[in-house]
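Reader: I would like to learn how to read a model like this one step by step. Where should we begin?

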Amino acid sequence: MNPCVMRGFGIRAVITLFFCWTILTPSAQAHSMGHHVTRDQAVVVALSLGHGEPADDAGYRILAPDPGGTFQTGRSDARGRVTFLPDRPGRWRVMLTNDDGHGVEVKIDIDDQIQLSGVAGPAQGGFGTALAAAGYLLGLAGALILWRRRRHAVSDRG
């Protein structure tokens with residue numbers, strides 16, 4: 001069998017393999033993010049201004065029960081709601097202020113019947129998917145090389 005034919009086929013196979021790998025794998029795997037959606041028992045605090053309008057975009061800070069500290073911070077949604085999932089029983093405090101300086105502190109007692117659920121697993125995709133794709137492509141290239149070698153060996157004999 002002519003070594004030049006095999007050497008040329010090998011280079012073409014590597015180039016084809018690299019091309020397929022770059023096309024078939026996601027381009028931003030290092031920045032991928034997984035998600036997990038659950039239905040759970042959330043605490044929703046709805047805020048309204050004195051004339052009944054929702055207090056949208058009001059800043060808030062949620063303090064966990066002792067021993068606690070700041071559990072969550074953010075801004076209320078367009079309907080004036082603050083939502084959180086308490087992770088333990090006790091007295092929770094939601095402290096809210098709007099841009100005018102008005103504010104309120106809401107105390108919420110959570111009993112022992114909290115059900116924790118919705119633990120998220122690892123993000124899907126990423127490096128494992130790229131590694132699997134590379135493995136499949138390498139296996140396919142190897143099978144193709146073996147098939148070509150066997151075909152050339154049979155044609156050289158007869």
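Author: Let us begin with the surface, keeping in mind that this is a predicted model: the accessible surface of the protein chain comes to about 11800 Å², and 57% of that surface belongs to carbon and sulfur atoms. Of the 158 residues of the protein chain, 23% count as buried.

Reader: How many helices and strands does the protein chain have, and in what order do the elements run from the N terminus?

Author: The protein chain has two helices and six strands, and from the N terminus on they are arranged as α-β-β-β-β-β-β-α. Among contacts with a separation of 6 or more, 55% join residues 24 or more positions apart.

Reader: Which residues touch the most other members of the largest nonpolar core?

Author: That core has 15 residues, and those touching the most other members are Val45, Leu47, Ile62, Val82, Phe84, Val94 and Ile108. Two or more residues each come from strands S1 (43-46), S2 (59-63), S4 (81-84), S5 (90-97) and S6 (103-110), with S5 giving the largest share, three residues. Leaving aside residues up to four places away in sequence, Val45 touches Gly80, Arg81, Val82, Val94, Val106 and Ile108.

Reader: Where is confidence lowest, and where is it highest?

Author: Where pLDDT is low, the predicted coordinates should not be read in detail. The protein chain averages a pLDDT of 76, and 72% of the residues score at least 70; confidence is lowest in helix H1 (residues 3-24), at a mean of 62, and highest in strand S3 (residues 70-75), at 95. Over residues 1-6 the pLDDT is below 50, and this stretch has seven contacts in the model beyond near neighbours in sequence.

Notes:
Residues are numbered from 1 along each chain as its sequence is written. This is a predicted model: local features need pLDDT of at least 70, side-chain atom pairs count only at pLDDT 80 or more; totals for chains, interfaces and linings use all residues. Side-chain values use heavy atoms; hydrogens and water are left out. A nonpolar core is a set of buried Ala, Val, Leu, Ile, Met, Phe, Trp, Tyr and Cys residues joined through side-chain atoms within 4.5 Å. Buried means under 20% relative accessible area, exposed over 50%, partly exposed in between (1.4 Å probe, protein chains only). Helices (H or I, at least four residues) and strands (E, at least two) are DSSP runs, numbered from the N terminus. Contact means heavy atoms within 4.5 Å. Accessible areas come from the Shrake-Rupley method with a 1.4 Å probe; for residues, only the protein chains shown count as cover. pLDDT is the predictor's confidence in each residue, from 0 to 100.
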